[in-house]
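Have a look at the sequence and the 3D view, then work through the notes below.

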Amino acid sequence: MSDDRYPFREIETKWQRIWEDTKQFRVREDPGRSKYYCLEMFPYPSGRIHMGHVRVYAIGDLLARFKWMRGYNVLHPMGWDAFGLPAENAAIEHGVHPVIWTYENIDYMRSQLMKMGISYDWDREVTTCDPAYYRWEQLIFIKMLQRGLAYRKRSTVNWCPSCQTVLANEQVEDGRCWRCDSEVTPREIDGWFFKITSYAEELLEWCDRLPGWPERVLTMQRNWIGKSEGAEFDLPVAGASGLAIRVFTTRPDTAFGMTYAVLAPEHPLVDRVVTNPDERAAVAQFRAEVARQSEIERTAVDRPKRGLRLSAQVVNPFNGAAIPLFLADYVLMGYGTGAIMAVPGEDERDWEFAEQHGLPIIETVKRPDGWTGKAYSGEGVKINSGFLDGLTVAAAKRQAIDWLVSRGLGTAKINYRLRDWGISRQRYWGAPIPVLYCDACGMVPEAEENLPVALPRDVQLSGKGGSPLANVASFVNATCPRCGGPARRETDTMDTFVESSWYFLRYCSPRYETGMFEQSAADYWMPVDQYIGGIEHAVLHLLYARFYTKVLRDLGLTKIDEPFMALLSQGMVIKDGAKMSKSKGNVVSDDFVREKYGADTGRLFELFAAPPEKDLEWNDQGIEGASRFLNRVWRFVLTHLNELGGGEALSKAQVETVTALERPGGALGGGVSPHPSSTDGGRAFRRVIHETIRRVTDDIEREFHFNTAIAAIMELFNALQAYEQASPEGRGAGPDPERTALLREATETLLLLLGPFCPHVTEELWSRLGHSESLFRQRWPEADPAALQKTEVTVVVQVDGKVRGRLLVDVDAADDRIRQLALDDDRVKPWVGQRRVEKIVVVPNRLVNIVTRA
């Protein structure tokens, strides 16, 4: 084996085998130890892992190994989010059954992760398409159905004609399917929903109790939940006795500025308000045009608003004025009541619509001096508002609500933008919904003892029509669990976000057969201490997982309120100006990087190239640089093995010095003890070692600044090389016990700090230094406070407030000594010259300021 370059293929294979043979990362609950649950969002088994995926796994592995070395009992599992439409698409395109396609991909991706050397506990692997997994979410579905948290209704949904399935609002991007980019259309369909709105307030409140989450993600969740406090009241339709339109507003104080009202085109009252045949035809045409738009398009701020004025009018209850009634695309049936009062003076959207249709604009809040804008939504004194005039906005809101309530015209109301979670999917490759339809009993949940309702294998997948399960007679035709008569199975399957809403709990006891998970194991491991995944899941997966956890809590299955205590949303890997992805043809294969540079090099580059929350620009020069650094470390250690104690026997002096360091509390025994360095160079070098320990520890543990931690490690290595060259033996002198001890301390500290970033090369070098136990069973080094103390400091010298020089002085130098050194400094003298020194101010260990006068 050549010692010139790091033989990564042999070394990585060797240590991966050792870790697996010794079950190094297998864990069990240990009440006597602090736990740390580190989890990356599990992948969809799409076929191949590329370097765009590697980043999240490298981050998770770094944190898991770091916490192992900090003494924690670390749970670091991996599994597969295995259901999903791509498997069906592959079956249609290539004639491969989704089961075969999925498990072949899992096998390949598992082998890739193992070759990366990620510290997963593979005994805990879960696969969500396994009936042994999804049987438990079918059971939870039944329990939610019994509690009214799961229900079926007919609704307008987002339909992807290409995928032939329903999409959640979050899965529609710019009016197109997030998976296939086809244009999404609305469709009326029966479907199943989870009542996430019942948890809206708790989900919102807990956004303020998750300090370990990025504020950006919490803001996105708050906005998605969209709590609005205001009033709900009726606008009577003029001339139509008993017919009124209910509106919700967060600003009832602006009602005197209401100059028109709007109904969503889908509002059920439209057909009662519009009775003229010609007007009905115009309404039908307008509805058809709006139906071709997605909700995102309809509510986009930067697009023109489209409306149709109706012949009917409504009455403003605050002043009795009759005002026009419109249909408009920017009002949605799913939010509030599906109708709004329009106040163009205080709403930008209403202002634009009013100008477009020539409608009056009434200001109801006094504008601040110098105001030049259009609609004004700020604070101020009420004007043009009848009995509210002269009040502040806040006071007017309260009084307007009180006025409505006292007259029986309306109520105080809280609304949420959040809607119930539509889980029905018209596809095969998902968990079957455990419901049957019996002519005698109606809709009936499957009996618990009959679970799981497993997917049939004999299915024809064409990509056309509704659910493929509807054509499988052996699946559809079943027996009613209530009366024993014939029944038909539900053929919709569950949204795959259901599986990812609880997998982290299953990891706690993946082989538990008598329940969803073993509660004692979940009590020990949960919640997840650090969750890692992309920002694209900020609303979808994360919100659903939070909701599902709270449901399980209320069912008595867990004690936790939230699943993830801390969240790290890593940035994307960018190549050629775009996110690295197979569809864009810009991926860099993980296999290629491992074969050319080694897994450690790929990990080091991705952890060093950018802070984890920022996007990372892939470049070949960067990975070459990472490779050069690891090879420099490799060559240095092997070159100095004899002196460091990994080759020939140590001298007596070396043994004594190194033994002192390896005692409990010493640098190599879990802490760092004071080392009696006798030379200035030795003390300075040891200070560098322990400053690096402190920097790297803080960067990993407190800030997740992995890139600056690596930079500090590289600086330590440069200092190690410089010390080796400058110390006497490096210049050809005889053996020096202090040099040997410091080289050993620095080298072992370097390997311990670098280990979580590059586990294979550091394990190998650690063993070559003579250690029989894994580097990752060592305690993380601790900075020695004595070594961090400086004997000299640099003091800045100012003359009349401007920097004119710098002095290197003892930390305990007297002020008079520092004043004299400053005056005697050749760089300072020209600026003092013949001027009279008024005073000299000394700030200990920082600054000397000389004040002069001509």
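V587 sits in the loop between β25 and α17 (590-596). This is a predicted model, so read it with its cut-offs: local features need pLDDT of at least 70, side-chain atom pairs count only at pLDDT 80 or more, and totals for chains, interfaces and linings use all residues. Residues are numbered from 1 along each chain as its sequence is written, and side-chain values use heavy atoms, with hydrogens and water left out.

- V587 counts as partly exposed because its relative accessibility is 36%; the scale calls a residue buried under 20% relative accessible area, exposed over 50%, and partly exposed in between (1.4 Å probe, protein chains only).
- Leaving aside neighbours within four places in sequence, V587 is in contact with H50, M580, S581 and K582, where contact means heavy atoms within 4.5 Å.
- V587 and G52 are 535 residues apart along the chain, yet their C-alpha atoms are separated by 7.3 Å.
- D458 is in another loop, the one between β18 (442-445) and α13 (473-476).
- With a relative accessible area of 53%, D458 is exposed.
- Setting aside neighbours within four places in sequence, D458 is in contact with V472 and S474.

**The whole chain**

- The protein chain has 28 helices and 30 strands; these are DSSP runs numbered from the N terminus, with helices being H or I of at least four residues and strands being E of at least two.
- Its C-alpha trace spans about 105 × 85 × 50 Å along the principal axes.
- Out of 854 residues in the protein chain, 54% count as buried.
- Take the contacts between residues at least 6 apart in sequence: 72% of them join residues at least 24 apart.
- The accessible surface of the protein chain is about 36300 Å², and 49% of that belongs to carbon and sulfur atoms; the areas come from the Shrake-Rupley method with a 1.4 Å probe, and for residues only the protein chains shown count as cover.

**Strands and sheets**

- β25, β24 and β26 make an open sheet of 3 strands, in the order β25-β24-β26, with mixed pairing.
- The edge strands there are β25 (578-579) and β26 (616-617), each pairing on one side only; two strands pair if DSSP finds at least two bridges between them.
- Strand β24 (residues 573-575) runs parallel to β26, joined by 2 bridges, and the bridge partner of V573 in β26 is L616.
- Elsewhere, β20 (residues 486-489) is joined to β17 (residues 435-438) by 3 bridges, and the two run antiparallel.
- β20 also pairs with β19 (residues 477-479) in the antiparallel sense, again over 3 bridges.
- Opposite R489 in β20 stands L436, while A478 stands opposite A487.
- β20 has a covered face, A487 and R489, and an uncovered one, P486 and R488.
- In a regular strand the side chains alternate between the two faces of the sheet.
- The hairpin of β19 and β20 has 6 residues between the strands, and G484 takes a positive phi near 80° in it.

**Cores and buried helices**

- The largest nonpolar core has 180 residues, of which Y37, F141, F194, F504, I700, F706 and F757 touch the most other members; such a core is a set of buried Ala, Val, Leu, Ile, Met, Phe, Trp, Tyr and Cys residues joined through side-chain atoms within 4.5 Å.
- Helix α2 (residues 51-69) gives the most to this core, with 12 residues.
- A second, separate core of 35 residues includes L235, L243, V290 and W403.
- Helix α25 (residues 759-768) is largely enclosed by the rest of the structure, because 8 of its 10 residues are buried.
- What covers the buried residues of α25 includes α1 (8-21), α2, α4 (98-116), α18 (599-608), α19 (620-639) and α24 (737-754).
- After α25 comes G770, with a positive phi near 105°.
- N707, in helix α23 (residues 706-726), counts as buried because its relative accessibility is 14%.
- Beyond neighbours within four places in sequence, N707 is in contact with L607, F608, A610 and P611.
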